[in-house]
Amino acid sequence: MAEIPSIAAFREDAAEFIATAVLSGGACPAYGAILPPNLHQHAMLWQRHCFDAGWAGVHWPTEYGGMGLTVDHNVVWHEECAKAEVAPYLNLQGLVLAGEAILRSGTDEQREYFLRATLSNEILWCQLFSEPGAGSDLAGLQTSAIRDGDYYILNGQKVWSSNAQFAQYGILMARTDSEQPKHKGITFFLLDMELAGLEVRPIKQMTGDSEFCEVFFTDVSLPAESVLGEVNGGWGVAMGVLQDERGGAGAAGVISLRKRLEAMVEGSGSVDSVKSDELTRILNRGNALQSLMERRGGDPLIAPVAKLMNSELGYDEAQLASSLQGAESMLNSKSTEDLLYSPGMRIAGGSSEIQRNIIGERILGLPREPQIDS
Ligand SMILES: Cc1cc2nc3c(=O)[nH]c(=O)nc-3n(C[C@H](O)[C@H](O)[C@H](O)COP(=O)(O)OP(=O)(O)OC[C@H]3O[C@@H](n4cnc5c(N)ncnc54)[C@H](O)[C@@H]3O)c2cc1C
């Protein structure tokens, strides 16, 4: 077995690999959790380049194309990417959500089939959880998957499915038993997006982009081996996915935040004392988030706190950037884009209100919200 490099040696090598890719134009600029359509091609090539050079899936096992290192090495990869303002992976939905779920709950065949292809960019994933009537109340989802011989017949609709227009596969939650209490009759599937009866319609956002879509299913025949984990045990698989989605904020995010704050100050000419105070507050909140993640980043309880701090920070940062820029930010600039994009981050992955509810109930021990159903 190859020797695991020290964190310091790995950092140096990662920085060198990234710097060389930046110089050659191969590295894709950073874009956050969701792959924007205008960077699709560049990001695909960058993911492939990392894979071919042995720099993909830092903490994934080598048998599935990963580097076989530790989660700490993976944090360093993210930090070095953030310093160079480069995307650390193709998209969160594949390289974090689907990938980690398959590592945790997949059969040997599923790991063999999906993981290497995800790292090499042959499979791009989307997340098919939310529905028009099930977002915050995710367990209320109505898309049905009814067993018929070796298949499940899928009917229903998903919405806000980021990157679905590009995806080859989706992680899907569907109701397989409507007789059971709502959290218990749900199964988690790995869905081939090419199946007949599936229609993807991009949604235009207020930024002008179409990063997410509606996805419709009409009598889609889904092979029974698409189930991930236990039949009717999908809620447990999904909770692991949501924890990965919400707990992802860390030191790398604060490196990017510092860079953006510096750029804000440079771009705004002079900063009065009120604005300087606001900049300092935002930076302090970023530093607090970084310290929290360094101390307790792996703790599942911390995921909603990280998600809340991160998305509120992004929103306040966009507001401040626009007020520093003045009228120009209402027209057509980077801060216009950020201003229009940032409210969505307080909703994606579970809204800020829902994170506050979870923190209240699970961390502070406050009484549970009244439930009208179970
Ligand atoms: C940019 C973006 C990308 C997304 N990507 C994906 C994706 O790839 N895949 C996917 O499946 N989904 C995705 N989503 C959907 C996202 O997970 C949902 O929008 C989110 O969970 C909220 O659900 P909802 O939109 O149905 O709002 P609702 O649940 O209807 O909530 C409406 C409002 O009521 C508040 N509210 C609801 N319940 C409570 C409560 N109990 N207590 C207090 N306040 C409450 C909410 O906070 C919100 O302000 C994305 C959303 C966005 C904005």
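**Helix packing and ligand surroundings in a predicted model**

In helix α9, residues S311, G314, Y315, A318, A321, S322 and Q325 meet S335, D338, L339, S342, P343 and M345 of α10, where contact requires C-beta atoms, placed from the backbone, to lie within 7 Å. Helices (H or I, at least four residues) and strands (E, at least two) are DSSP runs numbered from the N terminus. By class, this contact of α9 with α10 comprises 6 nonpolar, 6 polar and 1 charged residues; Ala, Val, Leu, Ile, Met, Phe, Trp, Tyr, Cys and Pro count as nonpolar, Asp, Glu, Lys and Arg as charged, and the others, Gly among them, as polar. The structure is a predicted model, in which local features need pLDDT of at least 70 and side-chain atom pairs count only at pLDDT 80 or more, whereas totals for chains, interfaces and linings use all residues. Residues are numbered from 1 along each chain as its sequence is written.

The axes of α9 and α10 (residues 334–345) are 9 Å apart and form an angle of about 155°; axes are lines fitted to C-alpha atoms, for helices over the stretch in contact, and angles run from 0 to 180 degrees between N-to-C directions. The two helices, α9 and α10, are therefore roughly antiparallel, a term applied to angles over 145 degrees, with those under 35 counted as roughly parallel, 65 to 115 as roughly perpendicular and the rest as oblique.

The crossing of α8 and α9 is left-handed. Contributors to the contact include L279, I282, L289 and L292 of α8 and M309, L313, L320 and L324 of α9. By class, the contact of α8 with α9 has 11 nonpolar, 2 polar and 5 charged residues.

Helices α1 (residues 7–24) and α3 (residues 71–83) pack at an angle of about 35°, with axes 9 Å apart, and α1 passes α3 in a right-handed crossing. Their contact involves I7, F10, R11, A14, A15 and I18 of α1 with D72, H73, V76, W77, E80 and C81 of α3.

The chain is divided into domain 1 (7–90), domain 2 (125–231) and domain 3 (247–363), with bounds from an automatic or database domain assignment. The C-alpha centres of domains 2 and 3 lie 31 Å apart. The shell around the ligand draws at least three residues from each of domain 2 and domain 3. In total, 21 residues surround the ligand, the closest being F129, G135, S136, S162 and S351; a residue is near a molecule or strand if its C-beta atom, placed from the backbone, lies within 6 Å of it. Strands β1 (125–128) and β3 (151–162) and helix α11 (352–363) each supply at least two residues of this shell.

Methods
A crossing is left-handed if the near helix is turned anticlockwise from the far one by less than a right angle, and right-handed if clockwise. Two residues are in contact if their C-beta atoms, placed from the backbone, lie within 7 Å.
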